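Subject: Structure for your review

Dear colleague,

Please find below the sequence and structure that I am handing over to you. My findings follow directly after them.

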Amino acid sequence: LGQSEGQLSEINAESRALDGKEERLRLELHQVDYDESAAKDAHVALTHAQSELRELRDQQQRLEAQVPWLRVPFSSQDVAARWSSDRARIQLLGVLGELFTAVSPEYELALEETAKGKLRQLVVDSDTTAKELLQNGTLSHRVTIVPLNRIQA
């Protein structure tokens with residue numbers, strides 16, 4: 001019986017300690033300024049944004065399938081991430097056909113027919129960049145690279 005009273009006393013002490021801990025945690029929770037409705041609203045907004053992003057990616061894939069030559073085989077961020085810091089100054093400007101827009105939509109077809117495959121050329125800042133991309137890049141398909149420092153008017 002004496003042993004049971006000792007155990008009961010220990011249990012009561014632990015219970016009081018846990019009650020105190022519970023009260024401290026409740027106070028901390030009130031100080032956090034948590035708003036459940038704002039959290040639900042944020043979750044709904046996040047879900048909506050993710051849905052829109054999926055739709056945009058699907059649309060992008062459909063458009064890329066229609067005009068595959070406009071897809072850049074890699075990005076400047078990928079190039080910088082793959083190469084060492086001394087090569088991180090790479091300036092990949094993009095596919096020529098994406099770097100300008102026609103003055104009027106009625107001229108787009110004329111431009112496409114006149115330039116044909118030249119719109120698929122990849123534009124970079126310098127011949128050094130072009131050399132780096134050819135030697136170290138991971139091209140997904142064959143492209144013509146146009147370094148801007150070699151263009152003469």
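In which helix does Thr-129 lie? Thr-129 belongs to helix H5. Please keep in mind throughout that this is a predicted model.

Thr-129 has a relative accessible area of 4%, and it therefore counts as buried, the cut-off being under 20%. Its side chain forms a polar contact of 2.5 Å with the side chain of Asp-125.

Let me now turn to the overall architecture. The protein chain contains five helices and three strands. Read from the N terminus, these elements follow the order α-α-α-β-α-β-α-β. The chain has 153 residues, of which 16% count as buried. Its exposed surface comes to about 12,300 Å², and carbon and sulfur atoms supply 52% of that area. Among the contacts in the chain with a separation of 6 or more, 58% are made by residues 24 or more positions apart.

The largest nonpolar core consists of eight residues: Leu-92, Val-95, Leu-122, Val-124, Ala-130, Leu-133, Val-143 and Ile-145. At least two residues of this core come from each of strand S1 (92-95), strand S2 (122-124) and helix H5 (127-136).

Helix H1, which spans residues 2-31, holds Arg-26. Is Arg-26 buried, partly exposed or exposed? With a relative accessible area of 45%, Arg-26 is partly exposed, because this value lies between the 20% and 50% cut-offs. The side chain of Arg-26 is joined to that of Glu-22 by a polar contact of 2.7 Å.

Leu-93, Leu-99, Phe-100, Leu-111, Leu-148 and Ile-151 make a nonpolar surface patch of about 500 Å². Of these residues, Leu-148 is found in the segment after strand S3 (145-147). Leu-148 has a relative accessible area of 40%, so it is classed as partly exposed.

Yours sincerely,
A colleague

Key
Residues numbered from 1 in each chain as written. Predicted model: local features only at pLDDT ≥ 70, side-chain atom pairs only at ≥ 80, totals over all residues. Heavy atoms only, no water. Helix = DSSP H or I, 4+ residues; strand = E, 2+ residues; numbered from the N terminus. Buried < 20%, exposed > 50% of the residue type's maximum accessible area, 1.4 Å probe, protein only. Contact = heavy atoms within 4.5 Å. Areas by Shrake-Rupley, 256 points an atom, 1.4 Å probe, with all protein chains shown as cover. Core = buried A, V, L, I, M, F, W, Y, C linked by side-chain atoms within 4.5 Å. Polar contact = N/O pair within 3.5 Å; in protein donor to acceptor, adjacent residues only side chain to side chain. Patch = residues over 30% accessible without salt bridge, like charges linked within 9 Å, V, L, I, M, F, W, Y side chains within 5 Å. Salt bridge = Lys/Arg side-chain N within 4 Å of Asp/Glu carboxyl O.
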